[in-house]
Amino acid sequence: MNKLNPSIKHHTYVAIFISLWIFIFTYYIRPFDGGSYSLYWWEFLSFGYAIIAFLCYFIVAMIQDSIYRLIERWNIALELLIICVFHFLNLVLTFLYYKSPFLRGIWTFDEYTSGILKSAIIFTPIIIFGRILTLKYLPKEEKNDIQKDHKTNSDNETITVRGEYKLDILKLKKAELVCISKSQNYVEVFFIEKENLNSKLIRSSLKKIQNEFDFLIQVHRSHLINPMHFRSWKTNNSILLTQIEIPVSKNYKVNLDSL
């Protein structure tokens with residue numbers, strides 16, 4: 001996990017979901033003392049616990065949002081910390097409510113903590129499920145950030161073009177590869193090095209190269225291009241890439257429709 005949905009709106013839905021679950025669980029399971037109390041006592045206890053759970057999670061959501069915007073990352077350790085903070089706040093506030101003159105609970109803090117921990121084990125998966133669900137509704141800008149991060153990592157990937165000979169090898173970053181052209185029994189690999197266009201002949205076939213690197217687009221029976229270097233059409237039968245012009249055959253024009 002390296003992303004977090006910072007939307008307070010979505011986490012409010014999670015808080016409502018958690019509070020409803022706690023109300024139903026507390027009211028019907030009745031995990032604490034109070035068997036001799038009236039039905040109204042349990043109603044007030046359950047309703048109060050639901051409200052406290054909602055407030056605790058809402059506070060946690062604001063805390064995590066501040067942390068996430070400050071460090072611009074998220075991980076499992078922070079996720080566990082936030083869940084623990086929620087449980088701690090919920091424990092303290094519900095105990096104060098439980099011992100208030102309104103309810104007059106009889107358990108000590110140690111007894112109460114033991115009871116709450118048992119319940120926490122049950123509804124922690126509910127919290128995790130709700131938080132995972134929020135990732136499916138990331139704000140559009142967050143989704144774009146994820147896609148940009150993925151694209152950046154992909155562009156920085158190192159690829160290796162190998163030929164038939166042992167020393168026929170070229171290592172470069174994916175983003176540096178401009179195009180590959182057929183040259184008799186060789187292919188000529190064009191790439192950017194120190195902002196200049198360079199090339200290297202490697203004994204291989206265009207078909208073999210295309211099978212190895214599926215991100216390349218064929219625009220001519222003798223040319224494969226890296227789409228990230230496409231700049232514009234020059235004529236109806238040629239395109240401009242980074243520092244080079246490549247012919248385009250009629251049969252392969254459809255491959256450029258998405259560029």
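W233 stands opposite I239 in β9. The model is a predicted one, in which local features need pLDDT of at least 70 and side-chain atom pairs count only at pLDDT 80 or more, while totals for chains, interfaces and linings use all residues. Residues are numbered from 1 along each chain as its sequence is written, and side-chain values use heavy atoms, with hydrogens and water left out.

Strand β9 (residues 238-241) pairs with β8 in the antiparallel sense over three bridges (two strands pair if DSSP finds at least two bridges between them; strands are DSSP runs of E with at least two residues, helices runs of H or I with at least four, numbered from the N terminus). The open sheet has three strands in the order β8-β9-β10, with antiparallel pairing. β8 (232-235) and β10 (244-247) are at the edges with a single partner strand each, so one side of each has no neighbour in the sheet. From one strand to the next the twist averages 35°.

## Five-stranded sheet

Another open sheet is formed by five strands in the order β5-β4-β3-β7-β6, and its pairing is antiparallel. Its edge strands, β5 (196-202) and β6 (217-220), each pair on one side only. The twist here averages 25° from one strand to the next.

Strands β3 (residues 177-183) and β4 (residues 186-193) run antiparallel and are joined by six bridges. S183 has Y186 in β4 as its bridge partner.

## Helices α1 and α2

The axes of α1 and helix α2 (residues 39-71) come within 8 Å and cross at roughly 155° (axes are lines fitted to C-alpha atoms, for helices over the stretch in contact, and angles run from 0 to 180 degrees between N-to-C directions). The two helices α1 and α2 are therefore roughly antiparallel, a term for angles over 145 degrees. Their crossing is right-handed, meaning that the near helix is turned clockwise from the far one by less than a right angle.

Helix α1 (residues 8-29) contains Y13. Y13, I16 and L20 make a nonpolar surface patch of about 300 Å² (patch residues have over 30% relative accessible area and no salt bridge, with nonpolar side chains joined within 5 Å; areas come from the Shrake-Rupley method with a 1.4 Å probe).

## Salt bridges

The whole structure has four salt bridges (a side-chain nitrogen of Lys or Arg within 4 Å of a carboxyl oxygen of Asp or Glu). One joins the side chains of E79 and R131, at 2.4 Å from N to O. E79 lies in helix α3 (residues 76-98) and R131 in helix α4 (residues 109-134), so the pair ties together parts 52 residues apart in sequence.

Terms used. Patch = residues over 30% accessible without salt bridge, like charges linked within 9 Å, V, L, I, M, F, W, Y side chains within 5 Å. Parallel < 35°, antiparallel > 145°, perpendicular 65-115°, else oblique.
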